[in-house]
Amino acid sequence: MATTRAAVVPTAGTSAAPADRKQIAVTNPATGEAVGAVPDQTAAEVDALAQTLRAAQLEWEDLGPRGRARHLLNWLNWIVDNSDHVLGLVHREAGKSWGDASIELMVCVEVINYYAKRGGKFLADERRSIHGPASFNKRLRILRRPYQLVGVITPWNYPLAMQMMDVPGALMAGAAVLTKPSEVTPLAWAEVVRAWNEEIDAPPVLGCATGAGETGRAVIEAVDMIQFTGSTRTGRAIGIRAAERLIPASLELGGKDAMIVLSDADLDRAVRGAVWGGLFNAGQSCVAVERIYVEAPVYDEFVHRLVAEVGRLRQGHDAQGAFAADYGAMATVDQLAIVEHHVADALAKGARVLTGGRRAERGLFYPATVLVDVDHSMDCIREETFGPLLPVMRVKSEEEAIALANDSQYGLAGSVWTSSPARGRRVGRRIETGGMNINNAMTNVFQFPLPMGGWKQSGIGHRFGGPNGVRKYTRQQAFVSERIPLKNEMHWYPYTLAKGALVRRVLRLTGTHGWKRRLGRTPS
Ligand code: ADP
């Protein structure tokens with residue numbers, strides 16, 4: 001089964017590039033400083049990379065889950081040993097606060113350990129009991145064989161963690177993996193892929209293609225299955241192309257998560273949850289709190305405390321290791337423009353800004369902004385903002401909160417805040433989302449045994465979490481073998497009257513209902 005090991009997988013920055021090749025410059029959005037550059041790889045280069053990855057896949061699969069886990073754990077050790085270096089790239093290429101950048105290491109540790117430990121169990125052959133007398137001599141199993149080459153395309157908001165949610169599961173499944181990070185923040189990911197190929201003596205089954213949409217398109221053409229995270233617009237285009245190629249696509253797309261604060265909620269906790277859930281990473285998370293519905297009896301108090309809590313936050317791009325800022329810059333000019341547009345649209349339609357509401361003079365900073373008097377005609381409630389906005393609406397009842405939360409094209413996650421577990425369950429289960437948090441925000445994503453995925457326009461399939469986070473990268477093989485070697489089967493040729501009559505009798509006896517019919521009589 002073994003194939004030859006491919007020599008070196010060209011990762012970003014290490015491939016033999018033509019001298020005149022286009023580079024993509026990466027700048028720190030907080031300071032405007034250059035952070036690095038990556039090659040803008042062509043379709044031909046992506047294709048060549050795909051071939052080397054494919055060539056190494058069978059040998060990788062043959063290592064078995066334990067052998068593969070060993071390499072993943074070596075990789076994790078390297079990442080932790082070099083975390084200042086790697087997180088430094090995350091910090092600068094995305095303009096984050098050091099605290100926001102640091103959380104990405106947690107995802108590496110948790111996801112790799114989760115799948116390295118459990119991958120073998122999730123991939124084990126499954127036995128099934130036979131059904132029906134015709135199968136009496138059969139032994140039934142389900143085998144799981146990986147797609148040979150999986151593509152993973154990610155956006156810019158978590159340069160390391162986005163890929164890390166998908167890649168360990170795909171590698172554990174035995175697939176080779178062709179990744180493409182965002183052209184906005186490719187450096188940290190390219191560096192950990194380089195480490196896989198150059199630092200830990202791992203088989204060359206992980207590659208990194210760098211570039212923008214064209215490079216991403218080439219990845220779709222080269223792989224057998226695609227995992228995509230990003231905008232609903234690009235996800236739809238990828239889904240269409242995957243359908244044309246007849247390859248599966250797992251899509252994790254936009255979100256507009258609602259937070260419902262009921263009148264019996266612990267307001268201290270709810271306010272802190274709203275602030276972290278809405279503003280972590282400057283609000284640039286698909287599962288961020290994007291709109292808040294508060295029951296009338298506690299609305300005024302909630303808003304008052306929310307504004308005070310937001311006022312205590314520190315925005316900035318602190319020094320590496322400093323933990324001196326809470327949240328950082330917006331990653332791109334375009335994203336900042338969306339936030340500005342959502343605020344302008346809300347103000348034009350009658351909303352009020354209680355704090356924030358105007359971009360900073362320098363750097364791509366937008367301050368945390370609380371909006372009130374908002375309604376469902378406004379873009380800040382209907383469209384994904386992906387920024388530090390907290391629009392708050394007063395609701396009369398939990399029924400109204402449920403109706404408004406569900407009045408959205410998106411269905412990624414959400415939260416309900418209440419001191420009554422029964423109320424939390426009752427309201428939470430009626431929200432049309434793939435994830436639900438009671439008295440917490442975004443935390444469903446970090447519960448690795450649970451599936452993470454979106455409903456409605458927020459995606460198709462589940463992204464990661466639990467057994468499916470490995471199995472989705474495999475194909476089920478229905479594996480049938482004979483228990484006792486027989487010369488012939490009842491339904492094989494030649495057909496005879498005697499065999500026909502016997503089959504009919506057995507079918508009637510074992511497959512029909514009511515004793516008279518079983519014994520061959522048709523009840524009158
Ligand atoms: P964003 O602009 O917010 O990053 P996108 O959904 O446009 O969101 O991009 C997410 C990822 O998809 C990025 O890595 C991007 O380069 C890639 N991408 C963009 N267009 C395509 C496409 N047509 N096919 C494949 N990948 C694409």
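In which loop is leucine 246 found? In this predicted model, leucine 246 sits in the loop that links helix H8 (232-245) to strand E9 (249-252). The backbone at leucine 246 deserves a look on screen, as this residue has a positive phi of about 60° although it is not a glycine.

The ligand site comes next. The ligand is surrounded by 17 residues, and the closest of them are Thr154, Lys180, Glu183, Ser231 and Thr234. For glutamate 183, a polar side-chain atom lies 2.7 Å from a ligand oxygen, while for lysine 180 the corresponding distance to an oxygen atom of the ligand is 2.9 Å. Tryptophan 156 also takes part, with an N or O atom of its side chain 3.3 Å from an oxygen atom of the ligand. Taken alone, the ligand exposes 550 Å², and the protein buries 81% of that area.

Helix H1 (residues 43-62) packs against helix H2 (residues 64-81) at an angle of about 110°, and their axes are 7 Å apart. Angles of 65 to 115 degrees count as roughly perpendicular, so H1 is roughly perpendicular to H2. On the H1 side the contact involves Trp60, Glu61 and Asp62, which meet Gly64, Arg68 and His71 of H2. Sorted by class, this contact between H1 and H2 comprises three charged residues, two polar residues and one nonpolar residue.

Technical notes:
Residues are numbered from 1 along each chain as its sequence is written. This is a predicted model: local features need pLDDT of at least 70, side-chain atom pairs count only at pLDDT 80 or more; totals for chains, interfaces and linings use all residues. Side-chain values use heavy atoms; hydrogens and water are left out. Axes are lines fitted to C-alpha atoms, for helices over the stretch in contact, and angles run from 0 to 180 degrees between N-to-C directions. Helices (H or I, at least four residues) and strands (E, at least two) are DSSP runs, numbered from the N terminus. Angles under 35 degrees count as roughly parallel, over 145 as roughly antiparallel, 65 to 115 as roughly perpendicular and the rest as oblique. Contact means heavy atoms within 4.5 Å. Ala, Val, Leu, Ile, Met, Phe, Trp, Tyr, Cys and Pro count as nonpolar, Asp, Glu, Lys and Arg as charged, and the others, Gly among them, as polar. A residue is near a molecule or strand if one of its heavy atoms lies within 4 Å of it. A polar contact is a pair of N or O atoms within 3.5 Å; within protein, one must be able to donate a hydrogen and the other to accept it, and residues adjacent in sequence count only if both atoms are side-chain atoms. Accessible areas come from the Shrake-Rupley method with a 1.4 Å probe; for residues, only the protein chains shown count as cover.
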